[in-house]
Amino acid sequence: MEVLLDKLHKVQDEFGFLPESEIVRIANEQGITKSELFGIITFYSRFYLQPVGKFVIRICKSLSCGINSAADVRQKVEEHLEIRNGSSKDGLFRLETVECLGHCGEGPIMTINDKIYDKLNPEKAIEIITSYQHKGEENA
Amino acid sequence: MPEHKYLKKFIEASPSGDFANLRKAVEYGRDKCLNELEISGLVGRGGAGFSTAAKWKFAWNSPDVVLICNGDEGEPGSFKDRYILENGAFLLLEGLLISAFMLNSSEVYLYIRDEYKDALEAFHKCLDDNLDLIVWYCEQVNPGFELKVVCGGGAYVCGDETSLINSLEGKRPHSRIKPPYPAEKGLRGLPTIVNNVETLSNLPLIIRDGGEKFSSMGVEGSRGSKLICLSGNVEKPGLYEIEMGKITLEEIIYTLGGGCPNGKLKFVIPGGTSTAVLAPDGLKIAVDYGSLRKAGTSLGTGAVIVADESVDALDAACNAADFFMSETCGICFPCKEGNRQIDHLLNLIRQGKGQESYLKLIQDVALTASCAARCGLGQSCGNMVTSLIDKFRTDFVGAKL
């Protein structure tokens, strides 16, 4: 019972995004056109058509986090990384502001490659991101 | 996060490696089980509050029923399904197996949102830990049974059952027109039962204690307990389990949640951003489906969001409008264009370019969406915004108009 979402996740797990050649292959398998599959993929928020940063940072902007000053966290992170909803020039980070991540009792929330960081304030967020910067530099 | 006493009781009642409630259900047979479910008065915990037994009866005599457990929890403020998956995966697994047995369903899906990686992992671990029992179930109870865990792709609208079905079919996950309801014609045209994670997690308890005991908790139309996700400006946010109808919203916020730490309470959202807000004078209200409906709002998913006086009603309205504008599936006009217009008008007001007539216009657009949209997302998208305008008009008119 493999469903389309399984196939998309599998490819993205391997490449970090969905390359066009894979989209063509999956479209053929599904018996739909490439453009139809493109329409499906882009409907979802968590599939990428191009390589994104090594570390994907997602900051929740939904109401519970918003009430607890998530906007301050986001602003500081944007300033620190010098990006707004996009990838950094060195390819290390991608920053996204996203809807509810389901940790509303512990906001503000940020995830980095799906690891949850909760009860943030701007300083704590920058500290965490800096540790990833060091990690990235070490592995470079 | 505060410990969840009742849920713990649930899990202890059916320790991993036992499946006592499932065995009891098999002994009862499916008709007696349905009878117990009916007596229990269980209603769906995903937001609509529809009778579970009534839904199942639509498909009761059909062969090839598909069962889908909806774990695509995306309602802002809601995290109960994640908690069950991470801390009580066995409870859900047993609930799923009981439900599949009752519905004679061998094709079963659990759809979990991609954001819930820890939950996915916890459920897979639970499956691995109980492999022997699942094999027994497949051989002795439900031949041909296959449980497929599907990871979503990031789309709030997949919480709507018809969108979820399109997603599983590999289509663009927009909503479908109802009727036909999924129970009649769902996945690949087959009768399909879609239930929320919390709903199915009640099944083992109903079988264990009997429908009568379950229905002794709560009030008419809202039997049993409900998980409440408390967040926002509150001293002790977290997950709480309440007996429906026996506790007020005020008690949840002050007695359980410790009240607002830094100021006076301004408004409360009782069931997630799809529900109308309540002002402080409206909090002495029992928390159950009927009482909240009577007060013009809804228990929704049980996501109680508390806002103190530091929160501007216009900002909160903009936040909700932006959410629905980005999450509408775009298939039906009142929701697609309505949410875009509500967001546009609110932003004009925020920029000081608004007129007071915009407020009436926003309410008209929201009313149109609530009457004409296909699915629950569109029908409920304006609840929060319009109730904020009704109750805190000065925040909108104030300096901005």
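A residue is counted as buried if 20 or more other C-beta atoms, placed from the backbone, lie within 10 Å of its own. By this criterion, 58% of the 401 residues of chain B are buried. The structure is a predicted model, in which local features need pLDDT of at least 70, side-chain atom pairs count only at pLDDT 80 or more, and totals for chains, interfaces and linings use all residues. Residues are numbered from 1 along each chain as its sequence is written, and chains are lettered from A in the order in which they are written.

Chain B contains 20 helices and 10 strands (DSSP runs; helices are H or I of at least four residues, strands E of at least two). The C-alpha trace of chain B spans about 70 × 45 × 35 Å along its principal axes. In chain B, 73% of the contacts with a separation of 6 or more join residues 24 or more positions apart; a contact requires C-beta atoms, placed from the backbone, within 7 Å.

Three domains are assigned in chain B: domain 1 (5-215), domain 2 (218-308) and domain 3 (313-397), with bounds from an automatic or database domain assignment. Between domain 2 and domain 3 of chain B, the contact takes nine residues from each. The C-alpha centres of these two domains of chain B are 23 Å apart.

The contact between the chains takes 28 residues from chain A and 44 residues from chain B. On the side of chain A that touches chain B, α1 (4-15), α3 (34-43) and α4 (63-67) of chain A are the elements giving two or more residues.

Key
Buried ≥ 20, exposed ≤ 12 C-beta atoms within 10 Å, placed from the backbone. Contact = placed C-beta atoms within 7 Å.
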